[in-house]
Amino acid sequence: MEARVDSPPFDNSQMDGYALGAHHLDGGTFPVGRTLPAGRDPATVCPAGVGAEVVPVMTGARLPDGTAAVVPVEDCTSGSFVPAGGAVTVPPTGRGRYIRRRGSDLRAGDVLFPAGHRVSPRTVGAAAAQGLDTVPVRRTARVLLCTGGDEIGGAGRASVPDANGPMLRALCRRHLIDVAGHVRTSDDPEEFARALDGAVREYRPTAVVTSGGISHGQFEVVRQVLEPRGGWFGHVAQQPGGPQGLAVVDGTPVIALPGNPVSTAVSFRLFVAPVLGEVPATVTARAGEPLAALPAGDGRCRFLRARTEVRDGVLTVTTVGGAGSHLLAQSAGADCLVRVRAGEDVAPGEVVEVHPL
């Protein structure tokens, strides 16, 4: 959106002091006029502007016509304000000193807040300074999470805890996405379909994010339910996180992520967070070690978990843990993903693309 008015809307004083005309800038002793407080129209105090008299002005006061500079009261010989009709000695002062110029913050018609700007207390203040009571904002995305499988969360010897559910909730918080609800999947397609359809009707989320059940096994319930409804399930040219899916349920987009924990986390950062939430800007850094690409002809890029540090003033990345998509604990110390392009090994010191986590 654009600024309605200049900010500041008029030249004003940065200090409590005296407004000087051009003929006062060399310094000297001058008569003192009436005081101009902040909020008072200078035309009612000194209609002709700054004349022979210097004008006592308070911080924020609109400056009289002809003001060439403001000298702080403490820099004058008296050290305090002299009553009107008296005289004050002021030092030589540079033109424009302690004047907040009209439009020095922004001009009417300038971009006030760009698209994607995150509202902060300073945003509220800047909007209020423009006389705005409201500003258009994008509603925070609300997602329905869907994780599970018969092996997830059970008590048997072949069961494992649900790591992806809590991790996805934390990722949503990290990227400013609200969680509307959470559906647990089983390996029964009909049961999953009922649960998913019911949750979408109940929560009316912005999108559904699923984890697992999208590959080529016998119990890929997400794919089995959504592919016949027109969903797409395939592979993207990356590792980890190759299997991906997209579908629609009752008008709600479904983003189907792979189920291995690291693949889930990497896919969420690359495909979900930038669309539904907020992510730090992608940067470049120097490789702190050799980074191997996948074998020639594979065609996939790699996203390695890594940490950044500044070495000799240069942002440098080194990998953290192994490359396996199940090595979740080993990836916990990473603060970024570093991209290794298909077929392009990276030597130490070469520039790489870094996605902060």
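Buried means under 20% relative accessible area, exposed means over 50%, and partly exposed lies in between (1.4 Å probe, protein chains only). Keep that in mind as we walk through this predicted model, where local features need pLDDT of at least 70, side-chain atom pairs count only at pLDDT 80 or more, and totals for chains, interfaces and linings use all residues. Residues are numbered from 1 along each chain as its sequence is written, and side-chain values use heavy atoms, with hydrogens and water left out.

**Stop 1: the cysteines**

Select C76, which counts as buried at 4% relative accessibility. How many disulfides does a search of the whole structure find? The search finds 0, a disulfide being a pair of cysteine sulfur atoms within 2.5 Å. C76 is in no disulfide, and the nearest cysteine sulfur, that of C46, is 17 Å away. Now move to C336: for this residue the nearest cysteine sulfur belongs to C301, 15 Å away. C336 is buried too, with a relative accessible area of 1%.

**Stop 2: D6**

Next, select D6, in the segment before β1 (12-13). Strands such as this are DSSP runs (E, at least two residues), helices are DSSP runs too (H or I, at least four), and both are numbered from the N terminus. D6 is buried, at 11% relative accessible area. Show the side chain of R107 as well: a polar contact of 3.2 Å joins it to the side chain of D6. A polar contact is a pair of N or O atoms within 3.5 Å; within protein, one must be able to donate a hydrogen and the other to accept it, and residues adjacent in sequence count only if both atoms are side-chain atoms. The D6 side chain also reaches the backbone nitrogen of A108 at 2.9 Å.

**Stop 3: the largest core**

Select L144, F192, L196, V222 and L226, the residues with the most contacts inside the largest nonpolar core, which has 19 residues. Such a core is a set of buried Ala, Val, Leu, Ile, Met, Phe, Trp, Tyr and Cys residues joined through side-chain atoms within 4.5 Å. Elements giving two or more residues to this core include β8 (142-148) and α3 (189-203). Which element gives the most? That is α3, with 5 residues.

**Stop 4: G231**

Finish at G231, in the loop between α4 and β11 (232-235). G231 is buried, at 13% relative accessibility. Leaving aside neighbours within four places in sequence, G231 is in contact (heavy atoms within 4.5 Å) with L226, L246 and A247.
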